[in-house]
Every structure is written in structure tokens, then in C-alpha cells.
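Here is a short briefing on the structure shown below.

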Amino acid sequence: MNRPKKEPMRTCTGCRESKPKKELIRVVKEGDEVSVDFTGKKNGRGAYLCKNVECLEKAIKSRGLNRTLKISKIDNEIYEELRKQLEDGNE
């Protein structure tokens, strides 16, 4: 008997809600490099964010991404790339 495939759940670092992985954006740290992972398949430690600017702002304010990725500083370029992606996607 075939069972339906279980949907992987992840927690948003901004709002701390658990959601299906497909609904979230992944930010990944590989070595010293932090980047936005649009495929969800890059190697490295991942952190997830909801696809809205409010969650990004909460994550920046609480330093949630820093904590999840276990690094002290994230370049503003990463935050700007995320913000642009979220604003473009919500039009």
C-alpha cells in the first residue's frame, strides 16, 4: 500500500512558525559564505524564512538568521537580496 509522501516542515527564523519547506526561502551557509538558496539543494547549514518582508524584518531585528546559521555577522547584501526577492514576489 502506498502512503502519501510526508511534507517536510521547517521553522521560519522570523515568526518562529512551522511551515512546509516549499513555502519558505532557504538561506544557506557553506564555509564562510552565506547565500540565498532558491533551489533548496545547496550544501551547508540552512535557515528558513517565510516569503514576506515582515518575517525578514523580525529575523534581522532578533538576529535569528545569525543564530540559526551560527555566525556573528551576515552581510547587508544578503538582507538586501532577500528583501528584493520578497518585494518582487509579492507584487
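**Cysteines**

The sulfur of Cys15 has its closest cysteine sulfur in Cys50, 3.6 Å away, which is too far for a bond. Cys55 is in no disulfide either: its nearest cysteine sulfur, in Cys15, lies 3.7 Å off. A disulfide needs two cysteine sulfurs within 2.5 Å, and by this rule the count is 0. Note that this is a predicted model.

- Cys55 has 4% relative accessibility, so it counts as buried.
- Cys55 is also one of the buried residues of helix H1.

**The sheet**

- Three strands form an open sheet in the order E4-E3-E5, with antiparallel pairing.
- Strand E4 (33-37) and strand E5 (45-50) are the edges, and each pairs on one side only.
- From one strand to the next, the twist averages 25°.
- Strand E3 covers residues 24-30 and is joined to E5 by 6 bridges; the two run antiparallel.
- In general, the strands of a sheet pair through backbone hydrogen bonds, either parallel or antiparallel.

**Arg26, in strand E3**

- Arg26 sits in strand E3 and stands opposite Tyr48 in E5.
- Is Arg26 buried or exposed? Its relative accessibility is 9%, so Arg26 counts as buried.
- The side chain of Arg26 makes a polar contact of 2.7 Å with the side chain of Asp37.
- The Arg26 side chain also reaches the backbone oxygen of Lys42, at 2.9 Å.
- Leaving aside neighbours within four places in sequence, Arg26 is in contact with residues including Ser35, Val36, Gly40, Gly44, Ala47 and Tyr48.

**Ser35, in strand E4**

- Ser35 belongs to strand E4.
- At 15% relative accessibility, Ser35 counts as buried, because the cut-off is under 20%.
- Which side chain does Ser35 join in a polar contact? The partner is the side chain of Lys42, at 3.2 Å.
- Not counting residues up to four places away in sequence, Ser35 touches Arg26, Val27, Val28, Lys42 and Ile78.

- Helix H1 spans residues 53-62.
- Which residues of H1 are buried? They are Val53, Cys55, Leu56 and Ala59.
- Seen down the axis of H1, these buried residues fall within an arc of 160°, so they line one face of the helix.
- In general, an α-helix has 3.6 residues a turn, so residues three or four places apart point the same way.
- Glu54 and Lys61 are exposed, on the other side of H1.
- The buried residues of H1 pack against strand E5, helix H2 (64-69) and helix H3 (76-89).

**The ends of H1**

- Asn52 caps the N-terminal end of H1. One of its side-chain oxygens lies 3.3 Å from the backbone nitrogen of Glu54.
- Arg63 follows H1, and its phi is positive, near 60°.

**Val53 across the sequence**

- Val53 is found in H1.
- Not counting residues up to four places away in sequence, Val53 touches Leu86 and Glu87.
- How far apart are Val53 and Leu82 in sequence and in space? They are separated by 29 residues in sequence and 8.5 Å in space, C-alpha to C-alpha.

Key:
Residues are numbered from 1 along each chain as its sequence is written. This is a predicted model: local features need pLDDT of at least 70, side-chain atom pairs count only at pLDDT 80 or more; totals for chains, interfaces and linings use all residues. Side-chain values use heavy atoms; hydrogens and water are left out. Two strands pair if DSSP finds at least two bridges between them. Helices (H or I, at least four residues) and strands (E, at least two) are DSSP runs, numbered from the N terminus. Axes are lines fitted to C-alpha atoms, for helices over the stretch in contact, and angles run from 0 to 180 degrees between N-to-C directions. Contact means heavy atoms within 4.5 Å. Buried means under 20% relative accessible area, exposed over 50%, partly exposed in between (1.4 Å probe, protein chains only). The arc is that of the directions from the helix axis to the C-beta atoms. A polar contact is a pair of N or O atoms within 3.5 Å; within protein, one must be able to donate a hydrogen and the other to accept it, and residues adjacent in sequence count only if both atoms are side-chain atoms.
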